[in-house]
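I am opening a notebook page for this protein and will write down what I look up, one topic at a time.

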Amino acid sequence: MAAGAPTTREDIPALQTRLNALLTLPQDPSSENSSINPQGFSVFDEAQLNGSLNISGEFMTIANNNPDHPFGAVLDSVDARLHDDINDNEAVRHALMVFLTHYPPAQQSGLKITSLSTRAPSLAVPVSTGAPAPDGQDTEVALNYWREDVNLNEHHEHWHIVYPGGGVPNPRNPSQRQPRDRQGELFYWMHQQMIARYNAERLSNGFGKVLAIKDFGDVLESDVPDANLRYNGKSFTPRPAGLKMGDLGHKGQKDYYPLSQLVTWRERLIEACKSGKWNDGTPVTASSLGGTLEANIESKDNKYYGNLHNMGHVIIAYLANAADWQNQSSTPGLMYQTRTAVRDPVFWRWHSMVDDLFYLWQENQPPLKFDDVPQISFRKTGAPAGSPDIITVFNDVIAGSGVDVNNDAAVEAWGEQTFGGSAWDSAPNPQFSTDVFETEFRKRRFTNIGDDGNTEEISYIFPREFGYFFRISNTTSKELKVTLRINLVPAQDADNRRSYFEMDKFQITIPANSKKVFYRRSDQSSVIRKPAQKTVEQMDDRRDEDDGLNRSGSDGQYCDCGWPFNMLIPKGSSEGIPFKLSVLATDWNKDNVPTNTGCGSMSFCGAKDKYPDSREMGYPFIRKFEKSVTETIASVPSWAVKDVVIRNVTAFTTGTPTKPVTAAAVPTPGPTPVNVTPAPTNPSQEGLKIPKQPGLQKQTSREVLSNGDILHTVVEFLEGGLKKITKTTSSQVPHGQPGPWDKSKPGTSVRTEVDGKGNTVEVTETIDEHGVKRVSKKIVKPAPVA
């Protein structure tokens with residue numbers, strides 16, 4: 001059978017039913033032979049991963065040798081292996097998922113891997129709402145809704161199936177394995193984006209950035225997994241507070257792994273990042289560095305540079321029973337498996353350490369230049385690089401205008417009429433546009449079919465769906481193809497390139513000598529799993545009959561790879577948190593970013609053959625700039641930003657746009673000392689002389705804002721050279737100034753004025769009986785755009 005030819009001789013629905021049963025963990029673990037590997041399968045264990053990938057290669061050989069019934073023959077082999085006394089059953093199931101993902105006829109057959117909550121419900125138990133960890137440090141518990149999101153954990157598991165560290169068996173010669181295109185680079189970038197998004201979520205809850213593990217002697221947070229989260233019938237081992245990374249096993253015994261080995265590997269990697277060369281003199285590249293950090297099949301020299309990332313997962317997983325970790329009665333913690341690791345707060349600290357190494361290499365590269373941008377420009381007014389040509393509109397507002405939001409052509413025509421034509425030189429119509437993104441918490445029922453069938457309520461974050469409109473002019477006499485790269489960043493981190501995270505990336509064509517309005521839906525994002533999971537049925541992946549996507553002839557499991565749509569934007573806060581939406585246009589002829597929007601995450605999961613962007617992943621935030629980030633954006637004609645506020649609301653008020661509050665407040669960082677402030681954005685800044693006595697030295701400042709509010713800033717120097725910055729705003733009555741009333745005369749006044757951007761604004765000022773003043777502003781006549 002040709003490895004690229006789909007089969008039509010088998011009953012795919014019947015095979016799917018059989019496949020579902022084989023992939024599902026049994027309700028009774030004793031029904032399978034778990035004594036072969038009682039601690040469980042882990043892709044972070046190199047020997048276990050290689051064993052599973054060898055089995056996947058054997059499945060491909062079986063399929064090649066049985067052209068009339070390839071999938072039935074493979075499932076026969078799976079069934080036999082699950083009932084023998086030789087194979088680790090979870091290694092077999094992992095091998096089957098790799099086969100389904102990477103064997104071309106399987107990709108085109110329509111067979112699918114069922115959701116994590118369906119095939120392994122004991123590993124998808126929703127977050128516990130019980131008491132915080134015994135040590136009383138409940139900071140991390142506040143983020144459980146995010147870290148323990150079932151779809152996020154499934155994304156992490158699925159990514160490591162699409163990009164197995166040991167390489168992919170070659171379907172035409174399954175005994176050989178090969179890396180995916182730019183696999184090492186994507187390992188780094190996908191995880192870096194997870195960290196950037198996690199830090200934005202921490203900000204939404206009033207916490208500072210996650211602190212990278214700087215020293216393997218750092219004290220790590222406790223973690224108490226839900227007791228119902230089980231594997232092989234056993235609960236995951238809790239990690240008490242106060243533990244540090246250490247040796248695994250006993251010196252002189254089999255499977256002894258000294259922590260000093262990780263220290264040596266890290267020192268050697270730091271040297272390579274600083275020098276830009278490997279130990280053989282060859283240059284360090286993005287993919288070779290990512291591959292060596294993971295240590296995957298692209299590792300430069302795993303004998304010299306080791307297995308830092310993977311071994312760190314294993315050591316952290318066994319911190320609570322490190323000395324006897326190979327005892328069959330010992331069970332690991334959450335870090336041991338890809339489908340549970342992101343639940344552990346230390347996962348994010350460990351990957352921040354990996355990210356710091358990659359950042360060190362990037363900072364030692366020449367500054368990035370922007371001398372190849374296309375001949376287009378965004379008009380910039382007001383705040384630095386702020387553009388009226390970047391417009392956001394809620395889907396329900398578009399629908400309220402009588403337009404089908406799922407008909408892109410119809411919406412783009414509406415956008416042309418609303419924001420283009422005679423309105424081209426006007427600020428976006430506030431009747432439709434919004435400067436606010438909104439999120440709300442939703443609930444759905446989780447049924448643990450692997451337990452007693454009881455249901456639990458899951459709380460998850462969800463965005464109010466929106467779309468982008470871009471006003472772009474082409475003054476040249478030729479058609480221009482450009483890539484629009486959209487990123488989001490907390491406003492307070494606008495000059496920290498590590499804090500930007502991708503929202504979308506796609507290609508547009510601008511006709512010659514034209515002014516055109518372009519439209520893009522948020523659920524077409526390049527980073528999300530597609531089709532976007534929105535309904536309860538989609539969130540639970542209950543789409544055995546029809547999910548609206550014909551997988552036959554498609555990229556199969558690549559459709560199911562990607563970031564969850566419900567987590568596209570951070571939660572924000574009830575007061576609203578300022579963010580900046582960055583939009584950069586680059587030359588598509590040099591990027592070659594495809595326009596596919598129907599299946600999978602092109603950014604996080606790539607395509608079957610080549611990664612769909614010739615530039616380094618994460619461009620343009622891949623190098624230091626010659627100027628600050630904000631100065632650079634202001635100086636590049638095809639790069640602009642839009643100020644937005646993200647607000648978490650009780651429930652969406654559909655049909656109307658939302659405007660930001662007068663002064664959006666940034667939450668004060670929380671009280672837990674471990675994660676209260678960000679790590680330095682540049683490793684070279686670690687040696688700065690900053691007072692080290694926490695709480696004893698402060699700097700305060702007071703600034704009157706343009707709206708009359710007072711901004712109070714307190715900088716407190718903390719232990720280890722860290723800083724805690726608290727910003728609050730307050731309003732006060734303008735005593736002694738002329739006006740229609742004073743503190744003793746509550747009332748309301750309305751006046752009209754022209755603001756700094758040229759808009760005619762109606763200002764309403766109200767003072768209550770306590771002397772508290774409230775100011776609201778409404779644009780009644782937008783200013784013309786210069």
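Before looking at the interior, I note that a nonpolar core is a set of buried Ala, Val, Leu, Ile, Met, Phe, Trp, Tyr and Cys residues joined through side-chain atoms within 4.5 Å. I also remind myself that this is a predicted model.

**Entry 1, the cores.** I looked up the largest nonpolar core, which has 165 residues, and found that L96, F99, L262, W350 and F469 are the members that touch the most other members. Helix α9, residues 183-204, gives the most to this core, with 11 residues. I then listed the contacts of L96, leaving aside its neighbours within four places in sequence, and found L19, L23, F59, V74, L75 and V78. A second, separate core has 16 residues, and A385, A494, F621 and V629 are among them.

How do the axes of helix α10 and helix α14 cross, and within what distance do they come? I found that the axes of α10 (residues 259-275) and α14 (residues 345-363) come within 7 Å and cross at roughly 30°. Because angles under 35 degrees count as roughly parallel, α10 is roughly parallel to α14. The crossing of these two helices is right-handed. On the α10 side I wrote down L262, R266, L269, I270, C273 and K274, which meet W350, M353, L357, L360 and W361 of α14.

I next looked for A320, which lies in the loop between α13 (308-317) and α14. Is A320 buried, partly exposed or exposed? Its relative accessibility is 40%, so A320 counts as partly exposed, since that class lies between under 20% for buried and over 50% for exposed. Not counting residues up to four places away in sequence, A320 touches T237, P238, P240 and L243. For A320 and L243, which are 77 residues apart along the chain, I noted a C-alpha separation of 7.8 Å.

I traced strand β1 (residues 168-170) and strand β2 (residues 173-178), which run antiparallel and are joined by three bridges. They form a hairpin with two residues between them, and V168 has Q178 in β2 as its bridge partner.

Among contacts between residues at least 6 apart in sequence, 73% join residues at least 24 apart.

Technical notes
Residues are numbered from 1 along each chain as its sequence is written. This is a predicted model: local features need pLDDT of at least 70, side-chain atom pairs count only at pLDDT 80 or more; totals for chains, interfaces and linings use all residues. Side-chain values use heavy atoms; hydrogens and water are left out. Two strands pair if DSSP finds at least two bridges between them. Helices (H or I, at least four residues) and strands (E, at least two) are DSSP runs, numbered from the N terminus. Buried means under 20% relative accessible area, exposed over 50%, partly exposed in between (1.4 Å probe, protein chains only). Contact means heavy atoms within 4.5 Å. Axes are lines fitted to C-alpha atoms, for helices over the stretch in contact, and angles run from 0 to 180 degrees between N-to-C directions. Angles under 35 degrees count as roughly parallel, over 145 as roughly antiparallel, 65 to 115 as roughly perpendicular and the rest as oblique. A crossing is left-handed if the near helix is turned anticlockwise from the far one by less than a right angle, and right-handed if clockwise.
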